[in-house]
Amino acid sequence: MLSPRSLFQEILDHDESFRLFCSIAAGGEAQGGWENGRIAALAPADERDLAPKIARHGADEDKHGRIFRALLDKRGLDPVPVPPGTDYTMLLEKRGIGLAHDRLRSDEPLTVRDIIVYLAHSRVTEQRACEQMELLRRHFGDHPDVGRAVRMIARDEENHLAYCHEELLRLAAAGHGRTIQRALHACAWAEIRVHRDVSLAVMARMGRILGWTKVRSALVAAGIHAVYVHERLVGWRRMVTLSMPERRDALGTPAAPAPGPEPSGRAPTTSPAA
């Protein structure tokens with residue numbers, strides 16, 4: 001059965017696939033933490049009130065990275081290098097989405113347009129993250145090993161998405177509506193393609209680790225392509241619309257600490273490396 005639950009359960013139960021999953025997730029979260037930290041430090045004078053929220057966003061991403069590394073530690077596993085084809089954040093940067101890292105490494109203050117580009121990029125990618133974490137929370141929110149981590153990260157992603165909606169609507173009301181829509185559309189189209197490419201790369205590696213048959217691997221790839229076609233036709237619209245969230249000022253408070261280790265009687269499994 002090729003349901004999202006069964007696929008993730010298979011990944012979760014095998015040390016090497018779980019190791020790759022957590023390593024990829026931790027790398028992406030750490031990258032997001034660095035990016036948000038630099039953006040907060042370089043925020044323009046007109047948007048200095050936004051800087052603490054951007055910093056809070058970065059602190060949450062750093063926390064998520066620590067959570068994924070803690071899940072590896074709990075199983076006695078070391079992280080592995082992130083394969084280039086699975087690096088979601090870097091592939092988006094290569095497509096010109098978001099603020100270039102060279103720009104963030106400089107000491108030149110950002111402009112309001114840069115902040116719009118950052119928020120549009122975050123609004124689109126947080127939509128994806130929110131949906132993925134909600135899927136995991138629905139199926140694994142009560143899991144003894146990963147449940148508490150999944151629930152915390154899912155709540156944070158909801159806060160991040162709410163914050164992006166609210167701040168982009170504020171900037172739209174200040175006269176930046178067309179710039180925001182152009183940025184959202186460019187980000188959405190690029191993200192949909194990158195998400196497909198990364199999903200194919202990750203699942204191909206998982207298939208080799210887990211010993212999937214060619215038929216099973218082909219079915220998984222076909223499902224990924226089907227999602228891509230749907231998003232190209234109609235799904236992209238959910239990424240470019242803006243609505244005032246029920247949760248206002250979602251990042252106006254300090255970040256919550258990462259959860260401590262959960263008790264578990266499950267002994268780490270021993271699986272052959274891919």
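Q: Where is Val215 placed?
A: In this predicted model, Val215 belongs to helix H8, which covers residues 214-235.

Q: Is Val215 buried or exposed?
A: Val215 is exposed, since its relative accessible area is 59%, and exposed means over 50%.

Q: On to charges. How many salt bridges does the whole structure have?
A: A search of the whole structure gives 23 salt bridges. In general, side chains of opposite charge can pair when their charged atoms come close.

Q: What about Lys53 and Glu167?
A: Their side chains form a salt bridge, with an N to O distance of 3.2 Å. Lys53 is in helix H3 (residues 51-74) and Glu167 is in helix H7 (residues 147-210), so this pair ties together parts that are 114 residues apart in sequence.

Q: Are those two buried or exposed?
A: Lys53 counts as buried at 19% relative accessibility, because the cut-off for buried is under 20%. Glu167 is also buried, with a relative accessible area of 5%.

Q: Which residues are linked with them in a network?
A: Glu47, Arg170 and Asp249 are linked with Lys53 and Glu167 in a network of salt bridges.

Q: And Arg238, what does its side chain meet?
A: The side chain of Arg238 meets that of Glu231 in a salt bridge of 2.8 Å, N to O. Arg238 is partly exposed at 25% relative accessibility, whereas Glu231 is buried at 4%.

Note on methods
Residues numbered from 1 in each chain as written. Predicted model: local features only at pLDDT ≥ 70, side-chain atom pairs only at ≥ 80, totals over all residues. Heavy atoms only, no water. Helix = DSSP H or I, 4+ residues; strand = E, 2+ residues; numbered from the N terminus. Buried < 20%, exposed > 50% of the residue type's maximum accessible area, 1.4 Å probe, protein only. Salt bridge = Lys/Arg side-chain N within 4 Å of Asp/Glu carboxyl O.
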